[in-house]
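The exercises below walk through it piece by piece, each with a worked solution.

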Amino acid sequence: MTQKPERLYLLAQEIAERTSGVFTPLGAGGGNIRSNAFMSELRSSAKQVFGQDYSEAKVCGDNKLAIDFYFPDEETAVEIAGLLGESNSEYEEDIFKCLVAQDRGCKIRRLMFIAKPGAAKVHSSPGREAIAQFVMKHLAMEITLDELVNPALEPAISNSPRPKIPGSALIWS
């Protein structure tokens with residue numbers, strides 16, 4: 001059976017595929033509006049699929065830091081990182097939020113980023129690899145990245161059969 005973080009990735013991919021222009025940069029104003037709408041739909045769909053709300057997890061103590069999704073039974077945090085492909089992204093901040101959560105007693109053994117196409121190239125840069133290796137070695141937290149697929153650039157992948165997500169109205173053929 002597919003685990004919750006992987007099911008969340010499939011939900012994000014499905015929403016991205018039916019959201020017009022989701023992979024086209026719009027700039028701060030329009031991009032923020034579209035990102036907020038995407039996240040709202042993803043949170044709503046995830047709540048429906050999982051039967052409870054795992055989003056905006058306040059696991060960092062008495063502050064305003066929140067993790068996009070936290071699955072305690074899998075000790076996994078998931079951050080939706082649309083700008084992870086940029087050099088000044090939220091990568092380090094998201095890692096630090098997980099470390100603060102660990103310090104407050106929250107068990108996080110994996111941080112999964114779900115990002116737009118192009119993020120894997122930046123994620124594999126020597127600096128980010130060094131950070132990921134350090135976090136794994138000294139803090140026992142694995143950092144993974146799953147890129148969403150842009151169907152306009154990779155139609156063969158996008159049009160391939162998709163798994164059914166148990167408990168979801170979102171079914172791929």
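## Charged pairs

The structure, which is a predicted model, holds 10 salt bridges.

**Exercise 1.** Find the salt bridge between Asp-73 and Lys-4, and work out which parts of the structure the pair ties together.

*Solution.* 
- Start with the distance: the closest N and O atoms of Asp-73 and Lys-4 are 2.4 Å apart. The cut-off for a salt bridge is 4 Å, and the pair forms one.
- Now check the surroundings. Asp-73 counts as exposed, at 51% relative accessibility, whereas Lys-4 is buried, with a relative accessible area of 15%.

**Exercise 2.** Which residues are linked with Lys-4 in a network of salt bridges?

*Solution.* 
- One partner is Asp-73, from the exercise above.
- Glu-74 also meets Lys-4 in a salt bridge, at 3.9 Å from N to O.
- Glu-74 lies in the loop between E2 and E3 while Lys-4 is in helix H1, so here the parts tied together are 70 residues apart in sequence.
- Putting this together, Lys-4, Asp-73 and Glu-74 are linked in a network of salt bridges.

**Exercise 3.** Move on to Glu-75 and describe its salt bridge with Arg-109.

*Solution.* 
- The closest N and O atoms of Glu-75 and Arg-109 are 3.9 Å apart.
- Glu-75 is in the loop between E2 and E3, and Arg-109 is in the loop between helix H3 (91-103) and E4, so the pair ties together parts that are 34 residues apart in sequence.

**Exercise 4.** In what order do the strands of the open sheet come, and which are the edge strands?

*Solution.* 
- Trace the sheet across: its 5 strands come in the order E1-E2-E3-E4-E5, with mixed pairing.
- Strand E1 (55-57) and strand E5 (142-147) are the edge strands, each pairing on one side only.
- From one strand to the next, the twist averages 40°.
- Zoom in on one pair: strand E2 (residues 67-71) and strand E3 (residues 76-81) run antiparallel and are joined by 3 bridges. Here Phe-71 of E2 stands opposite Thr-76 in E3.

**Exercise 5.** Locate helix H1 against the sheet, then decide how its length and burial look.

*Solution.* 
- Helix H1 (residues 4-18) lies across E2, E3, strand E4 (110-115) and E5, and runs at about 10° to E4.
- For the length, 15 residues at 1.5 Å a residue should span 21 Å, and the end C-alpha atoms of H1 are 21 Å apart, which agrees.
- For burial, the cut-off is under 20% relative accessible area. By this, 12 of the 15 residues of H1 are buried, so the helix is largely enclosed by the rest of the structure.

## Single residues worth a look

**Exercise 6.** Is Lys-97 buried or exposed, and what does Lys-97 touch?

*Solution.* 
- Lys-97 lies in helix H3 and is buried, with a relative accessible area of 8%.
- Leaving out residues up to four places away in sequence, Lys-97 touches Cys-60, Leu-65, Ala-66 and Glu-79.
- Within the chain, the side chains of Lys-97 and Asp-94 make a polar contact at 3.3 Å.
- Lys-97 and Val-59 are 38 residues apart in sequence, and their C-alpha atoms are 8.7 Å apart in space.

**Exercise 7.** Glu-56 and Ala-140 have a positive phi although neither is a glycine. Where is each of them found?

*Solution.* 
- Glu-56, with a phi of about 50°, has its place in strand E1. Glu-56 is partly exposed, with a relative accessible area of 35%.
- Ala-140, with a phi of about 55°, is in the loop between helix H5 (126-139) and E5. Ala-140 counts as partly exposed, at 40% relative accessibility.

Note on methods. Residues are numbered from 1 along each chain as its sequence is written. This is a predicted model: local features need pLDDT of at least 70, side-chain atom pairs count only at pLDDT 80 or more; totals for chains, interfaces and linings use all residues. Side-chain values use heavy atoms; hydrogens and water are left out. Two strands pair if DSSP finds at least two bridges between them. Helices (H or I, at least four residues) and strands (E, at least two) are DSSP runs, numbered from the N terminus. Axes are lines fitted to C-alpha atoms, for helices over the stretch in contact, and angles run from 0 to 180 degrees between N-to-C directions. Contact means heavy atoms within 4.5 Å. A salt bridge is a side-chain nitrogen of Lys or Arg within 4 Å of a carboxyl oxygen of Asp or Glu. Buried means under 20% relative accessible area, exposed over 50%, partly exposed in between (1.4 Å probe, protein chains only). A polar contact is a pair of N or O atoms within 3.5 Å; within protein, one must be able to donate a hydrogen and the other to accept it, and residues adjacent in sequence count only if both atoms are side-chain atoms. The expected span of a helix is 1.5 Å times one less than its number of residues.
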